[in-house]
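Please walk through this structure with me. We start with charged contacts and end with a pocket.

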Amino acid sequence: MEHLPVEVIGNILSQLRGARDAVIASVTCKKWREAWRNHLHTLSFDSRDWPVYHELSTSRLEILITQTIFQTTALQHLAISMDEVDEFSAAPVMAWLMYTRDTLRQLHYHVKTTPIFNIIEKCGRQKLEVLALAYNSITGVEPSYQKFPCLKSLSLNHVSVSTLDLSLLLTTCPKLEKLALISPDIAMSDMEVSSSSLKDIYVEAISLDKFILEADTLEVMHLKDCTLELFEVVSKGALRVLRIDDVSVIHLDIGENMENLEVVDVCNFTIMWPKFYHMISKSSKLRKLRLWGVVFDDDDEVVDLETICMCFPRLSHLSLCYDLKDGILQHSLQGSSNLLNVVVLELGWSVVSEFFSEWMGKLLGRCPNLKKLIICGVVSEVKTHDECQTLANFTFSVVQLMRKYMHVEVQFEYE
């Protein structure tokens, strides 16, 4: 060990999960202490890593973090997340940011601060590549001098920011590729976001009348737990992954040019299937289609298996879970085309019915190269005799059916 270069020792200390572990390891010998001072590049203070954090007062925590940070000279990645702390004082936080501003490349700060101050004014902007803030505010963005030339990832969680400041902030990040907005505190009801470099956006727990996203190079989009009247995406057709989870939206427009879509994952969403299908129908590269817990806007609407076969020839993973009705069930299974490339089939129910086994059998017959079948269902705690009998009949029918498909792996997932 004594022959290890001091830079390598610095890398070893930086791989430790928590700051406490790194501090303990650094006292191994004089050489390790030198590595700690001059070559440590990562420090993480997380209340989940050490139970004693919960027993310390806020002022003691501030002193502990200050002493630890000020013993280093080359810190590149700083993460501070204290769930039990009500708020830190602004003075020590500003001292941490000012001390590390010349070397810091990643900053994760998830603690409330009082009095409120503008963190982006104090952190080192020239080298920063990742910025993740929670429970703070961003105000008075000045694009003329507050520039982030290297920032690639920005995450704002429960951050108070106006739509204007957010828009101005994005203009200061010419290399931004990833943006996450989680339950932001936004006073306005309309938001317009624009970035010429953005490739990945994640939006959670946001409620707006209008949300317009302009991103020519957008490849991944995930909306979760949102309430929107209008959501519109203006791009040049680079989108590869679309995920919509528990979203209420009256008007959804993700553009017409969807040729590059590879993954569509829609969960707990009221869907106008003809319109939604029209948006993705040209996605001949689609590999995964997941329609889970979807509710159709019209009772007569149905996911037409024949259409899926014809439009998505590369599809390899198909996941379906929605309310099955006799007439609609028969219509959805019309046609004779096969899903030749589907190797994983995932089927689910919210209420088990006699139609499920028939539906599953027909789908298995249309997937000649299937390797894995996943059956997902909801089982209530209290069941009547009839419900138990229905579940027993379903189990028996699955056993009978799978004797014909011995090469297929079967997996059950109940909740």
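R243 and D265 form a salt bridge, with their closest N and O atoms 4.0 Å apart. A salt bridge here is a side-chain nitrogen of Lys or Arg within 4 Å of a carboxyl oxygen of Asp or Glu. This pair links distant parts of the chain: R243 sits in strand β16 and D265 in strand β18, 22 residues apart. Strands (E, at least two residues) and helices (H or I, at least four) are DSSP runs, numbered from the N terminus. R243 is partly exposed, at 30% relative accessibility. D265 is buried, at 12%. Buried means under 20% relative accessible area, exposed over 50%, and partly exposed in between (1.4 Å probe, protein chains only).

The model is predicted: local features need pLDDT of at least 70, side-chain atom pairs count only at pLDDT 80 or more, and totals for chains, interfaces and linings use all residues. Residues are numbered from 1 along each chain as its sequence is written, and side-chain values use heavy atoms, leaving out hydrogens and water.

The structure holds 10 salt bridges. One of them joins the side chains of R240 and E219 (3.3 Å, N to O). R240 lies in the loop between β15 and β16, and E219 in the loop between β13 and β14, so the pair ties together parts 21 residues apart in sequence. R240 also forms a salt bridge with E262, where the closest N and O atoms are 4.0 Å apart. E262 is in the loop between β17 and β18, 22 residues from R240. Through shared partners, salt bridges join E219, R240, E262 and R287 into one network.

Now turn to a helix. Eight of the 11 residues of α11 (residues 355-365) are buried, so this helix is largely enclosed by the rest of the structure. Among the buried ones are F355, W359 and L364.

On a 1 Å grid over the protein atoms alone, a pocket is an open set of points where a 1.4 Å probe fits, with protein on both sides within 12 Å along at least five of seven lines; lining residues have an atom within 4 Å of a point. β17, β19 and α8 each supply at least two lining residues. The largest share, four residues, comes from β17. The lining includes V249, F269 and D297.
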